[in-house]
Each structure stands twice: as C-alpha cells, then as structure tokens.
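Open the model in a viewer and keep the selection tool at hand. The stops below go from pockets to aromatic rings.

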Amino acid sequence: MKQGEEFREDQRRQRPLPASLIRNLTHLSPWHCCRALSQTIGAIVVLVIVSVELWTPWLFLPAIVVMAGLQHALFVLVHDAVHYRLFENRPLNDLVGRLLAIPIGISMYAYRAIHRLHHNHLYTSLDPDMALQAGYPRGRAHLIRKLLRDLVGLTAFKTFAYFFGNPAINRAVGHAQQPLNDTSSRLRSAARHDRWFVIVFHLSALTISVLTGAGWYYLVLWLVPLLSVIHVILRLRAVCEHGAVNDISSPLTAARTNRVQPWIRWWLFPHHVHYHIEHHLYPSIPHYRLPQVHDALRRHQGFDHAEVRSLTDTLRLITSEPSP
C-alpha cells in the first residue's frame, strides 16, 4: 500500500492476539460482504416501495427515522470500503464503495484520506475527529442542544464538509486539519475528483425526480433523513465511541465498545460497528468478524481496564455534568 494511504494497527495495545488468529480473521469473505450489501440495499428498496404504496402523512415520520437508520448502515459499509475491507480486489472494492457513498453524500476517497488520520493519530492534535468527540462529559443539556441542531439540519453542511475532506476546526489545536495534505498524490487527486461526482449525482437526482413527478418522494424519503436524522445518529455514535474517556494512552481506553440491545443496534450500531475497540486495535479485520475478535480478546484477558460498557452506562457517562 502506498505511503499516505495506510491504516496502521495501534501498537499501544496491551495484549495483542496471536498473529495467526489475526491473519485468519483478516481474510475477506465475498459471501459475508454481499450478504451485508444485499440486506441494507434490499431494506432500502422495500422501505421505498412500501412508503410509496402506503403514502399518507402519518407515515412520514417513521419512514424518515427508519430510512436514516438504513442510510447510516450504508455509511458503515462505506467505512469498510474506506479500509479496503469489502473485496480483496482493490478496484472492485473502491468501485462498490463509491457507488454506496455517492447517494449518501460522501466522497469515499476524501473520507479515506481523513479517516486514516483518525486511526493513525487517535486523540492527538492530528485526529480530525477531535472537534466531535473531545471534551465530554459536558452535561445532558449540552448534548441535547447539539442533537437538536443536528435534527433540524443546522450541522448538515459541516458534516458533509468533513466527508469531503474538510473537518471542523479543533478549538484545542486552534486550526483546522488539512487531511488531503497528508496523503499520497494518487489518493489526493482521486479525492478531489470524486467530490464532483457526488455533487453532480445529487443535482441530477433532484432534477430528474422533479421532472418525473417523484420529487416529493425523493425529498421526504431520501433528502430529509440525509439532512437531519442521520446527523443525530452520527454524532451520538461518535460520542458513544470516544466521548468522556479518561485515558487516551491506548485504544483500549481511548475508544469504547458498547454492549447494546438488538432493537437499537440496527439503528445506532449497524454491521457490528459497536465493537469499536476491536476495530481500532485491528482495522484490517472486516466488520463481520469483529464479534470473533471480541470473543478472542475476552479469552485472552485483553479487556482489562478497557472501555467496554453497556449503552445505558455510556449514555449516563457522556451526559453527566463535568467535574468542577
């Protein structure tokens, strides 16, 4: 892999798993990948068909909430593509990743450039996610205000700017990071071109939907969740994964794995993304094998003093009042 495109395993881990086990778990399965793709895309198609057939005002709100959850599931699959974890064939991996990313407003190549900094420099001044995840706990009222701003679309532009490679200013550092300056020339060029595909796609989709009389469906079923509820999910998940940590010296304590009930997992943590410590320890492992990593770490006593909590406990922690 070219310099400036790699995702490094976090060498600060305390009890690495056997190398032979990691090699086995890193192996990509086209079957598991295609199953995840078909489940998410199929659910989106079914939701659209049902919503159009039963189109009534009382259906708007639940359809928006469910669609936002499914769009979030696409985000997670794009995240796997960013890590080169969909298919072994690199061009196929990137093609599928881009096809998943463009409808949800993401430049996959720009996201790859910025996300590798989050992994390679977790909780340092070079981490582009610091503006989102750092500083907790700040009290319940603070988080609620942030989520309400997300819900009404006030932060949509900032979030999509992040996925275009322009993260928010990290006030602790005093300046915005420029992740496209810390990547290979090939990836930097691909990111800059890819952003135009996203813009052209959404302008074309909006125009076609209006001309064909489907503009109302496109607005309610796709754009509204993409500009509102999805940002609530992304913020809440990010804070649950990294907020209110006390020790940033290791991914065991700078990231958090959340134990969560299945009824909320599909919406807030789809495709096993709640196994976040495991992902930071071994970013080369695809999402469908993260449960096996979790079990292996437990067998090897790899979670001593780690941030593994129930979601209820995590929510209580991130919404607590800050210490005086």
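How do the residues of the lining of the second largest pocket divide into nonpolar, polar and charged? They divide into 13 nonpolar, 3 polar and no charged, where Ala, Val, Leu, Ile, Met, Phe, Trp, Tyr, Cys and Pro count as nonpolar, Asp, Glu, Lys and Arg as charged, and the others, Gly among them, as polar.

This is a predicted model, in which local features need pLDDT of at least 70 and side-chain atom pairs count only at pLDDT 80 or more, while totals for chains, interfaces and linings use all residues. Residues are numbered from 1 along each chain as its sequence is written, and side-chain values use heavy atoms, with hydrogens and water left out.

**Second largest pocket**

The volume here is about 440 Å³. A pocket is an open set of points on a 1 Å grid over the protein atoms alone, where a 1.4 Å probe fits, with protein on both sides within 12 Å along at least five of seven lines; lining residues have an atom within 4 Å of a point. Grid points are joined across faces, edges and corners, and the volume is the space filled by probe spheres set on the points.

Select Gly105, Phe160, Val198, His202 and Leu227, the closest to the centre of this pocket among its 16 lining residues. Then colour α9 (185-211), one of the elements giving two or more residues to this lining; α9 gives the most, with 5 residues. Helices are DSSP runs (H or I, at least four residues), numbered from the N terminus.

**Largest pocket**

Move to the largest pocket, with about 1,000 Å³ of space. Of its 50 lining residues, select Asp129, Ala131, Leu132, Tyr162 and Ala238, the closest to its centre. Helix α11 (229-242) is among the elements that contribute two or more residues, and α11 gives the most, with 7. By class, this lining has 22 nonpolar, 16 polar and 12 charged residues.

**Aromatic rings**

Next, select Trp55, Phe60, Trp216 and Tyr217, which form one aromatic cluster. Rings of Phe, Tyr and Trp (its six-membered ring) pair if their centres lie within 6.5 Å; planes under 30 degrees apart count as stacked, over 60 as edge-to-face and the rest as tilted. The whole structure has 6 aromatic pairs. Trp55 and Phe60 have ring centres 5.0 Å apart and planes at 45 degrees, so this pair is tilted.

Finish at Tyr111 and Phe163, whose ring centres are 5.0 Å apart with planes at 85 degrees, so the pair is edge-to-face. Tyr111 lies in helix α5 (residues 108-120) and Phe163 in helix α8 (residues 156-163), so the pair ties together parts that are 52 residues apart in sequence.
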